[in-house]
Amino acid sequence: LVELLCIEPGKVDEFWPHVSHFIFEAMERGGGDYSSVEESVKSGPALLWIAWDGDKILSAAVTSLHKINGKRICTIVACGGDEWTRFGHLIEGLEKYAKDEGCAAVRINGRSGWQRVLSGYRTRQVVIEKAL
């Protein structure tokens, strides 16, 4: 049994050394800024979530709540881990959290490949980039 656990903000420093590699790899692959995600988790507004199987942490995710065009949105800023088949279903827990917080939607900042493994999600915007 794999559980989704939200880490209390006051305990993030205890967990961060055990999950930072998941978040770093996710940000590296998706082109995001790891240091700003780390700062937002450690200082406040973002929340850290882990998938725990009773023996080890399988994955970590970071969520952030925002108001966009008058609607509350929960953004999954980063998600990384091992053994997707064991923890992937836990996104339902993040969606429940978002609904309980009055959010109109859950958004994911990440690679387009997430759309293949997550039912019900669709592309709303795209970021394109040319390396110079």
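Let's start with Val41, which touches Val12, Trp16, Ala46, Leu48 and Val62, leaving aside residues up to four places away in sequence; contact here means heavy atoms within 4.5 Å. The model is a predicted one, where local features need pLDDT of at least 70, side-chain atom pairs count only at pLDDT 80 or more, and totals for chains, interfaces and linings use all residues. Residues are numbered from 1 along each chain as its sequence is written, and side-chain values use heavy atoms, with hydrogens and water left out.

Val41 is also among the residues with the most contacts inside the largest nonpolar core, which has 19 residues. Such a core is a set of buried Ala, Val, Leu, Ile, Met, Phe, Trp, Tyr and Cys residues joined through side-chain atoms within 4.5 Å, and buried means under 20% relative accessible area (1.4 Å probe, protein chains only). Helix 1 (12-30) gives the core its largest share, 7 residues. A second, separate core of 14 residues includes Leu47 and Trp114.

Now for strand 2 (47-52). Helices (H or I, at least four residues) and strands (E, at least two) are DSSP runs, numbered from the N terminus.

| Pair | Sense | Bridges |
|---|---|---|
| Strand 1 and strand 2 | antiparallel | 5 bridges |
| Strand 2 and strand 3 | antiparallel | 6 bridges |

Glu3 has Trp52 of strand 2 as its bridge partner, while Ile50 stands opposite Ala60 in strand 3. Strands 2 and 3 form a hairpin with 4 residues between them, and Gly54 in the turn has a positive phi of about 100°.

Key: Buried means under 20% relative accessible area, exposed over 50%, partly exposed in between (1.4 Å probe, protein chains only). Two strands pair if DSSP finds at least two bridges between them.
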